[in-house]
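Student: I am new to this structure and would like a guided walk through it. Could we look at it together?

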Amino acid sequence: MQIDLTINTDVARKILTGFIKSEVTRVGYTRAVVGLSGGIDSALSCVLAVEALGRDNVLAVRMPYKSSSPDSLAHAELLIEQLEIPHKTIEITNMVEPLFVQDPAMPKLRKGNIMARERMIVLYDQSEVFKGLVIGTGNKTEILLGYTTQFGDAASAMNPIGDLYKTQVRQLARALNIPAPILDKTPSADLWEGQTDEGELGFTYERVDQLLYLLVDQRYSPKECVEAGFDETFVDVVVKRIQRNQFKRMQPPIAKLSNRTIGYDFLYLRDWGT
Amino acid sequence: MKLNLALAQIATKLGDVESNLEKHLDFIKQAKTQKADLVVFPELSLTGYVLQDLVASVAHRPTEDDSVFQHLLKASQDLDLVVGFVDEDSRHRFYIATAYLSGGRVLHVHHKVYLPTYGLFDEGRFFAWGDSVRAFDTRFGRVGLLICEDFWHASPPYLLWLDGADIMLFSSASPGRGLNDKEKLESARWVERVSKAYASMFTSFVAHCNRVGFEDGLLFWGGATVNDPNGELLAQGPYFEEALTCVELDLNQLRRTRARLPLLRDERTALVQKELDRILSSR
């Protein structure tokens, strides 16, 4: 069957830049901070923020670790040059190493999480320095799959691209003239050498986006997805991943004691009063 | 007879009635300079949409001694107004409401009869359900008011038509959703399609005013429209931006269209009633 994830990029661009502008300015800010990894997601968030707020009002922060791929820095540099925006490079090696050496047997997953959270600390500190809000860079695919570090790369003040699947991120990034090396590279969290998203996940973004689109957007049952041509084991893995990672998409639950409890019956939007 | 209609697709501050009232008065002033006879504001235009636990604190009564409505009633001395608000009845039930104000008086208040409580909507949790759909007389003829989900159902516009409404004024706070490869969001296409269909089927004027602006991640898409009794689009406001869309309605078009296409004359209401009775009694 034909599954079409194509979006109208003009409409998406208009909505997402409007969103950033509205959510930044209504709380009295004019500026934003984006952690630029050299990958396509943060490049897209950065371009949208620049279009929304103006190029003097977006700070790009590169946060390499000693084993980070030199390409990551170089690709982020390409975008910084193209956009002519304020930027900083703050290496995290000396911040995370003291924790790493305390456990010589530390597995790479733990190290990856520590690096992601260290970058969050740096970004939120730069948020205070630059007086800008942190713009999120997580796409719908990784949020649904939980391919993200809670309180790490998942932390932000607002996320303009969280309702775009990875393949839609690619489409919009292309329309917004993001440099070709960023568009064409293999997706990687670059937390250790040789890491690739698709290698680690065990499937391609293109295929999983189609499955997620049926499961989530079109409300297909897992059985209907299999009937639509998806491998049963693949469907099973993805369904379990979505469920298992719900905790990363929520505020921690509060145990209810009183008649009015935050999260259950104390209900206000964040934009309350603005 | 002519009616200069103005549709004020505004952005609102969530829960800040005073600030929203200021904006109403500002748009009313603009409408006056454009010689408008009637200005229509969106759903919950005085309060914002995703109110949740703010409902009780933003409620007002459309009376002369109300701190908000006294200004609007005064403004309605010059031109007629349709405003959206939270109405609290004497027994403290809260309704999503629109009021039609004219000549310093409240001509009609409509309480939303369909409260969407599914998907991203949660109105039934916070509001009481309205229980009537009535047309009413104005200086421009008989008018009907509906609010958003009210006209996603076919029956309220149909009832207004039978009750004599020749001008239907729809107001919305419709969040944009359904982005695909098309130029318009699915939610916008749906509402535009049914507005045009009602104007065509009921050979009536159908105006729709939807708000703009963000509330958290929700973007209200605007795009006010006016369709004439032939189902022809007379005017359309922009998407996503505040605007005052003004258009002159030639009310004589009702006569010309209905002389050509007597759908109202031929409507078999007794047949409808008989079959409805049968269907409902056999359930």
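Tutor: A term comes first: helices (H or I, at least four residues) and strands (E, at least two) are DSSP runs, numbered from the N terminus. The model is a predicted one, where local features need pLDDT of at least 70 and side-chain atom pairs count only at pLDDT 80 or more, while totals for chains, interfaces and linings use all residues. Residues are numbered from 1 along each chain as its sequence is written, and chains are lettered from A and ligands numbered from 1 in the order in which they are written.

Student: Which residues of α6(B) are buried?

Tutor: They are B:Ala188, B:Val191, B:Ser195, B:Tyr198 and B:Ala199. These residues cover an arc of only 105° around the axis, so they sit on the same side of α6(B). The arc is that of the directions from the helix axis to the C-beta atoms. A residue is buried if 20 or more other C-beta atoms lie within 10 Å of its own, exposed if 12 or fewer, and partly exposed in between, with C-beta atoms placed from the backbone.

Student: What do they pack against?

Tutor: The buried residues of α6(B) pack against α5 (155-162), β8 (167-172), β9 (205-210), β11 and β12 (225-227) of chain B. Contact here requires C-beta atoms, placed from the backbone, within 7 Å.

Student: β11 has come up. Which strand pairs with β11(B), and in which sense?

Tutor: Strand β10 (residues 212-215) of chain B pairs with β11 (residues 218-221) in the antiparallel sense, over four bridges. Strands pair if DSSP finds at least two bridges between them. B:Gly213 has B:Phe220 in β11(B) as its bridge partner. The hairpin has two residues between the strands, and B:Asp216 takes a positive phi near 50° there.

Student: A change of topic: is B:Ser132 buried or exposed?

Tutor: B:Ser132 counts as exposed because it has 8 C-beta neighbours inside 10 Å. B:Ser132 lies in the loop between α4 (123-126) and β6 (136-138) of chain B. Its C-alpha atom is separated by 7.7 Å from that of B:His110, 22 residues apart along the chain.

Student: In chain A, what covers the buried residues of α10(A)?

Tutor: The cover includes α6 (140-145), α7 (166-175), α9 (197-201), α11 (222-227) and α12 (232-244) of chain A. Among the buried residues of α10(A) (residues 205-217) are A:Tyr205, A:Val208 and A:Leu212. A:Arg219 follows α10(A), with a positive phi near 55°.

Student: How many residues does each chain bring to the contact?

Tutor: Chain B brings 21 residues and chain A brings 21 residues. On the side of chain B that touches chain A, the residues divide into eight nonpolar, five polar and eight charged. Ala, Val, Leu, Ile, Met, Phe, Trp, Tyr, Cys and Pro count as nonpolar, Asp, Glu, Lys and Arg as charged, and the others, Gly among them, as polar.

How values were computed: Two residues are in contact if their C-beta atoms, placed from the backbone, lie within 7 Å.
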